[in-house]
Amino acid sequence: MFRAVVALSVLALTGASKSYTEDAVLRIIPRTESEVALLREDLPVAVPTSWWREPSYPAQYVDAHFSGSNLKQAQALLDNAGFSYTTLIDDVQKAIDASYEPPSQLFTVSNDVEFDYSKYHSLEEISDWMVTLEKTYPDLVSLVDVGKSFEGRTIKAVKFTGASSNSTATKAGLWLDGGIHAREWVSPATNVYVLGHLLDAYGKDDETTKLIDGLEWYILPVFNVDGYSYTWAEDGDRMWRKTRSTTSSKLCTGVDPNRNWDMHWGEAGTSKNPCADDFQGKSAFSEIEVSSVASFIQSQKNINGYVNFHSYSQLWMSPWGYTDNLPETEDYNKQNDVSEAAAAAIKAIHGSEFEFGPISKTIYPASGSSADWTYGVCGILYSYGVELRDTGAYGFLLPEDQIVPSGEEILPAVKVLAHAVLEAGFPDRK
Ligand SMILES: [Zn+2]
């Protein structure tokens, strides 16, 4: 075991090998629909473009990543077409290196819950920590194997509920997950923070104790286990987003796991191109990670709250993603009330502004997404997609000193949601 730890440490220290030296991220603000279309359709054909935030509506910012060798050409094209843009990140590799300190050892000491919430952690470290939770809180916590990934990793969630009331058959449930998109590291980190701090407050803080006693909680810190591992691997890619499954293209790997759910799959805001970052997959639920999580959620009929955490943009979003139409008014009003209260709870901690509203209007149309499926197919009323910090200064490369502030502001928003799920009672689910 000791030898394995040392070997892994060496790997971790060398970091991901794909280099982004001299790559840059430009922020472009299209003014008209035709400028949006030009960015969306023509720019990636003219020059290889990786969207950090894709074109959606006029006046909504677009963040585009270009390699160092393509940057001048991209700038010339944008200049010629009269776009206004600024440089958000002028050296992506420097931003990666500055965003975290690779751990000096991968595994923390087990048998207690000593865990550094102010660091990004590898999948192995998070899994190891989850095992210690089960040992530390045997009356509250059990680990759930939700399924296996394409590469054979275990997708592991933490289930917890208060010991004082054992009639779990009548408890409503709440599911939170992070890391569906591999490179969005603050998402697993925030889930880990929320999980650890909820458990730590049990029996000490009345509100938390009531919410843990009254509800059955599920937290899956790392959904896309293969993709997340790839962002940490020596031969990996810190900017990887998708799963790691093989596709019909010999050149391109992976499916966007948040475009792969069986709810208006393959419609607006997805790609049929296996090389695209928002590739929808060959069919709905083609990704074993997505189908495994979906089956589990569908089978737990008490779940009436769902949050799929992403970064970045600072948004608390409700269905629908696939259409501009709103859910039926009674549901929409309840969903939106929680969004508004969650955004207020977030702001009260560090002043962070989170916009809220339906996915399609708040960020961009996206079909086959998780929150549409949990609401539309399962009937989970309080279904959300949340984009965590920041609004682009660091984007996916949020420095470690913002992990704890992110956790601190999201924890009360999760409690807002938990209160709503508790008050709604045992759901009448599909
Ligand atoms: Zn995402």
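Start by selecting H181 and H310: both are buried, meaning under 20% relative accessible area, with exposed being over 50% and partly exposed in between (1.4 Å probe, protein chains only). Before you go on, note that this is a predicted model, where local features need pLDDT of at least 70, side-chain atom pairs count only at pLDDT 80 or more, and totals for chains, interfaces and linings use all residues. Residues are numbered from 1 along each chain as its sequence is written, and side-chain values use heavy atoms, with hydrogens and water left out.

The ion's protein donors are H181 (ND1), E184 (OE), E184 (OE) and H310 (ND1), at 2.0 to 2.3 Å; a donor is an N, O or S atom within 2.8 Å of the metal (3.2 Å for Na, K and Ca), and since water is not among the atoms, sites may look incomplete. Along the chain the donors are spaced H-x2-E-x125-H. H181 sits in the loop between β7 (172–177) and α6, while H310 is in strand β9 (residues 303–311), 129 residues apart. Helices (H or I, at least four residues) and strands (E, at least two) are DSSP runs, numbered from the N terminus.

Next stop: aromatic rings. The structure holds 26 aromatic pairs; rings of Phe, Tyr and Trp (its six-membered ring) pair if their centres lie within 6.5 Å, and planes under 30 degrees apart count as stacked, over 60 as edge-to-face and the rest as tilted. Pick W52 and F396, a tilted pair with 5.0 Å centre to centre and 55° between the planes. W52 lies in strand β2 (residues 50–53) and F396 in the loop between β12 (382–388) and α13 (403–424), so this pair ties together parts 344 residues apart in sequence. Both W52 and F396 are buried.
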